[in-house]
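User: I have a model open and would like to talk through it with you. Could you take me through what stands out?

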Amino acid sequence: MPQEDQSAAEGLTPLSPAVFHILLSLGEGERHGYALRREIALRTGGKLKLGPGVLYGSLDKMLELGLIEESSDRPDPHLDDERRRYYRITPYGRKVAQAEAARMRELVQLAAARFGVPKHA
Amino acid sequence: MPDTPFSVRPYRLLQLYPAGLRRNYAAAMERAFRDELQESHEALLWLRLLADLAVSIPPQFARELAQDTRHTFRLWARRPWHTGFAILALAIGIGANTGVFSVVNALLLRSLPFHNPERLASLSYFAMPHDSAAQFHAWRRQSSYLEDAALFEQFDANLGGAGEWRRAHVVQASSNFFSLPGAQPVLGRGFAPGEDVDGTGWGLPGRNAVAVIGYGLWQQLFGGDRKVLGSTIRVDGNPLTIVGVAPPGFDYPGHCCLPPSASMASFPTRLPGAPMKWACEWLSASRRPIFG
């Protein structure tokens, strides 16, 4: 990773929970907005339910920052609503997600050293 | 949209979002809302939706504002001459408007800070009996056309007080100068009836060598100190005791006011109902025995 990209990626951290979860979901493959919302709610046990405003506001911001891009690939129109817009993560988005994960890992290590981490947290 | 279900219609709250976001995502957001409507209880859904609107709208507007601001500054930087002329035109326009409004406000909108300002008139180049204070006061009391009259003369003088000297606008006035227009000093008092000075002197210390200072001067020279009463101020070297502070907005005195005898102008008020024309005619007639 070139030094410039690395520092630019670190410059965007800390990410909001919504943005990080969207990156996590898109890391697995392309998704449309509503699928992202459902997946995030499932992953967090319903603790993070993104409303349409927060979800599409975050997607718009992430598109502007170049973290994600719109995918032109569409599933069969018989299987899905053709008006849906699909998104995928960019290489830069991956770097930002990695930088955020590294930041969180350092934080977790620090917390573990200070307080210990319960086995079934 | 008569076929729109009631549950979806309120989602027109989407109109609250900035146009850019609406253009790109309104259909997707509405679709997401419809999907969710099929899965959740409607009331709960609306609560979540309103919370979502409250959380997401301000950052969207802030982002749009930041984008517009960046775009604006880039345009300005690209065309510095156009920008300069636009700013200059705006500055001139705002300045001119402010100036015109100040004049309109002072002349038309705000009334004078005097009691019954519509009955006040200022006469210049008119000499009424003023050989002595007693003569002037007798003249104004026997007037049947003027309810009252006061004398004042303005000039610039060297003013000193609290160790600082400055050139200031000074008014010498008859003792009824404050009582006539109903002006109440904010601190201390106006002039007392016996404080008129005959001749061209400055009065006797401890008796009638007194002054009322303007509100602005009180703030600038004495820092608004309420202990200013009784302190000495020097006008062209002559010590005067400060007995009061004029109210803010009372333009006479500009800075300082002294009880005088000499006068260049009068400050009469008409009797209620007496037209200005009659009063002027009477004053013209009354000049004859004085100068005749």
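This is a predicted model: local features need pLDDT of at least 70, side-chain atom pairs count only at pLDDT 80 or more; totals for chains, interfaces and linings use all residues.

User: What does α4(A) pack against, apart from chain B?

Analyst: Within chain A, the buried residues of α4(A) pack against α2 (17–26), α3, β2 (68–71) and β3 (86–89), and on the side of chain B they pack against α1 (19–37) and α2 (42–78). The buried residues in question are P52(A), G53(A), V54(A), L55(A), Y56(A), G57(A), S58(A), L59(A) and M62(A).

User: How far apart are the end C-alpha atoms of α4(A), and what should its residues span?

Analyst: The end C-alpha atoms are 20 Å apart, and this agrees with the 20 Å that the 14 residues of α4(A) should span at 1.5 Å a residue. Just after α4(A), G66(A) takes a positive phi of about 85°.

User: How do α2(A) and α4(A) cross?

Analyst: Their axes come within 10 Å and cross at roughly 75°, and because angles of 65 to 115 degrees count as roughly perpendicular, α2(A) and α4(A) are described as roughly perpendicular to each other. The residues that meet are A18(A), V19(A) and I22(A) from α2(A), and V54(A), S58(A), L59(A) and M62(A) from α4(A). That contact has 6 nonpolar residues, 1 polar residue and no charged residues.

User: And at what angle do α2(A) and α3(A) cross?

Analyst: The axes of α2(A) and α3(A) cross at roughly 105°, again coming within 10 Å, so these two helices are also roughly perpendicular to each other. Here H21(A), I22(A) and S25(A) of α2(A) meet L36(A), E39(A), I40(A) and R43(A) of α3(A), and the contact divides into 3 nonpolar, 2 polar and 2 charged residues.

User: Stepping back, how many helices and strands does chain A have?

Analyst: Chain A has 5 helices and 3 strands, which follow the pattern α-α-β-α-α-β-β-α along the sequence. Of its 121 residues, 30% count as buried, and among contacts between residues at least 6 apart in sequence, 60% join residues at least 24 apart.

User: Where is the cis peptide bond in chain A?

Analyst: The cis bond joins T13(A) and P14(A), with omega about 0°, and P14(A) is found in the loop between α1 (3–11) and α2 of chain A. As background, most peptide bonds are trans, and most residues other than glycine have a negative phi.

User: On that note, which residue in chain B other than glycine has a positive phi?

Analyst: One to look at is D236(B), whose phi is near 50°. D236(B) lies in the loop between β7 (232–235) and β8 (238–245) of chain B, and D236(B) is classed as exposed because 12 other C-beta atoms lie within 10 Å, where the cut-off for exposed is 12 or fewer.

User: How many helices and strands are there in chain B?

Analyst: Chain B has 6 helices and 11 strands, and buried residues make up 26% of its 292 residues. Of the contacts in chain B with a separation of 6 or more, 69% are accounted for by residues 24 or more positions apart.

User: I have T83(B) selected. Where does T83(B) lie?

Analyst: T83(B) lies in helix α3 (residues 80–109) of chain B and is partly exposed, with 15 other C-beta atoms within 10 Å. The C-alpha atoms of T83(B) and F73(B), 10 residues apart along the chain, are separated by 9.8 Å.

How values were computed. Residues are numbered from 1 along each chain as its sequence is written. Chains are lettered from A and ligands numbered from 1 in the order in which they are written. Helices (H or I, at least four residues) and strands (E, at least two) are DSSP runs, numbered from the N terminus. The expected span of a helix is 1.5 Å times one less than its number of residues. A residue is buried if 20 or more other C-beta atoms lie within 10 Å of its own, exposed if 12 or fewer, and partly exposed in between; C-beta atoms are placed from the backbone. Two residues are in contact if their C-beta atoms, placed from the backbone, lie within 7 Å. Axes are lines fitted to C-alpha atoms, for helices over the stretch in contact, and angles run from 0 to 180 degrees between N-to-C directions. Angles under 35 degrees count as roughly parallel, over 145 as roughly antiparallel, 65 to 115 as roughly perpendicular and the rest as oblique. Ala, Val, Leu, Ile, Met, Phe, Trp, Tyr, Cys and Pro count as nonpolar, Asp, Glu, Lys and Arg as charged, and the others, Gly among them, as polar.
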